[in-house]
Amino acid sequence: MVIPIPPGLIPDQGGRVPTDYALRMRNVIIFILVLQVAVIVGRFMILDIWGAIVMIITVLIGYWLVSSAMDITVNFSYGTLNAMNCFFDCIHLLIYIAKLERPIFADNAGFAHNFVSGTMVLAPITGLVAAIVCYRIDKDFRENQSETFPMAYAGGGGGQGGGQPMDFFGTPMDDRPPQQGQRQSLFAGQGYRLGDGDNPTAPPPPPPGAPTVAPGAVQP
């Protein structure tokens, strides 16, 4: 199944340098990645293998983000994955709490119980914080663009359309069919005959079988 994505929904760096805010948030992203690596280790220890694998993919994209000078498209991917992980991790945490017969954290519950609970709580928190940071980076990037309507201009010089005005469905404005009430002039302009060349005022050729008159001769 193909999901149509309107132009401008996924931001494109387009050769532009990252904003100052994005560069300042780079250290914050690195700190979040460190926490997420710790959550991955904890998930393997509590045998949450699938959750650990999904978070590994997320961390790899986060590493790509900080190593690519905070590319805005990679930032969009990292933020989207963290938002999705946060949603499912919250559901997982609620199910875990519902099955508990003791408080989620307790001094007399032992290290193993508190370790599992800490891993389950830290997973959605890191996803939520990462998604918020990525959203703020994306918002700051869009506010610093020169285009007034980012949904109507795809690419901005480096992406699809190269800054050409486009409608919501990605069709260039100049290529759209005429709207109702507009007329196209068909077969308009000066006509030409075959063999006239570049001289539109040349006389038409004589019909077949007509006598040929030499230039300058007097026709009887």
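Mentor: What follows starts with the overall fold, goes on to the salt bridges, and ends with the core, the surface and the cysteines.

The model is predicted. The protein has five helices and zero strands. Along the sequence the pattern is α-α-α-α-α. Of the 220 residues in the protein, 29% are buried. Among contacts with a separation of 6 or more, 61% are between residues 24 or more positions apart.

Now the salt bridges. The structure holds three of them. Take R43 and D48 to begin with. Their side chains meet in a salt bridge, at 3.1 Å from N to O. R43 is buried, and D48 is buried too.

The side chains of R43 and D89 meet in a salt bridge, with 2.6 Å from N to O. This pair links distant parts of the chain: R43 sits in helix α2 and D89 in helix α4, 46 residues apart. R43 and D89 are both buried. Taken together, R43, D48 and D89 are linked in a network of salt bridges.

The remaining pair to discuss is R142 and D138. R142 forms a salt bridge with D138, and the closest N and O atoms are 2.7 Å apart. Both residues lie in helix α5, four residues apart, so about one helical turn separates R142 and D138. What about burial here? R142 is partly exposed, because its relative accessible area is 28%, which is not under the 20% cut-off for buried. D138 has 13% relative accessibility, so D138 counts as buried.

Next, a neighbour of the network. R43 is in contact with A52, and A52 also touches I40 and F44, leaving aside neighbours within four places in sequence. A52 is found in helix α3. Its relative accessible area is 0%, so A52 is buried. For scale, the C-alpha atoms of A52 and V37 are 9.3 Å apart in space, and the two residues are 15 apart in sequence.

In soluble globular proteins, nonpolar side chains tend to be buried together. Here the largest nonpolar core has 24 residues, and I29, Y78 and I137 have the most contacts inside it. Helices α1 (20-24), α2 (26-45), α3 (49-67), α4 (72-99) and α5 (111-143) each supply at least two residues of this core. Look at I29 in particular. Not counting residues up to four places away in sequence, I29 touches L65, V66, M70, Y78, V133 and C134. One of these partners, Y78, is itself among the residues with the most contacts inside the core.

Now the outside. The accessible surface of the protein comes to about 15200 Å², and 64% of this belongs to carbon and sulfur atoms. There is a nonpolar patch on the surface, formed by F44, L47, I49, W50, I53, I56, I57 and L60. Together these residues have about 820 Å² of accessible area. Helix α3 gives the largest share of the patch, six residues. I56 has its place in helix α3. With 31% relative accessibility, I56 counts as partly exposed. The patch threshold is over 30% relative accessible area, so I56 at 31% passes it. Helix α3 therefore holds both buried A52 and partly exposed I56.

Last, the cysteines. The structure holds zero disulfides. C86 is in no disulfide, and its nearest cysteine sulfur, that of C90, is 4.1 Å away. C86 is buried, with a relative accessible area of 10%, whereas C90 counts as partly exposed at 32% relative accessibility.

Conventions. Residues are numbered from 1 along each chain as its sequence is written. This is a predicted model: local features need pLDDT of at least 70, side-chain atom pairs count only at pLDDT 80 or more; totals for chains, interfaces and linings use all residues. Side-chain values use heavy atoms; hydrogens and water are left out. A nonpolar core is a set of buried Ala, Val, Leu, Ile, Met, Phe, Trp, Tyr and Cys residues joined through side-chain atoms within 4.5 Å. Buried means under 20% relative accessible area, exposed over 50%, partly exposed in between (1.4 Å probe, protein chains only). Contact means heavy atoms within 4.5 Å. Accessible areas come from the Shrake-Rupley method with a 1.4 Å probe; for residues, only the protein chains shown count as cover. Patches are made of residues with over 30% relative accessible area and no salt bridge: like charges are joined within 9 Å, nonpolar side chains (Val, Leu, Ile, Met, Phe, Trp, Tyr) within 5 Å. A salt bridge is a side-chain nitrogen of Lys or Arg within 4 Å of a carboxyl oxygen of Asp or Glu. A disulfide is a pair of cysteine sulfur atoms within 2.5 Å.
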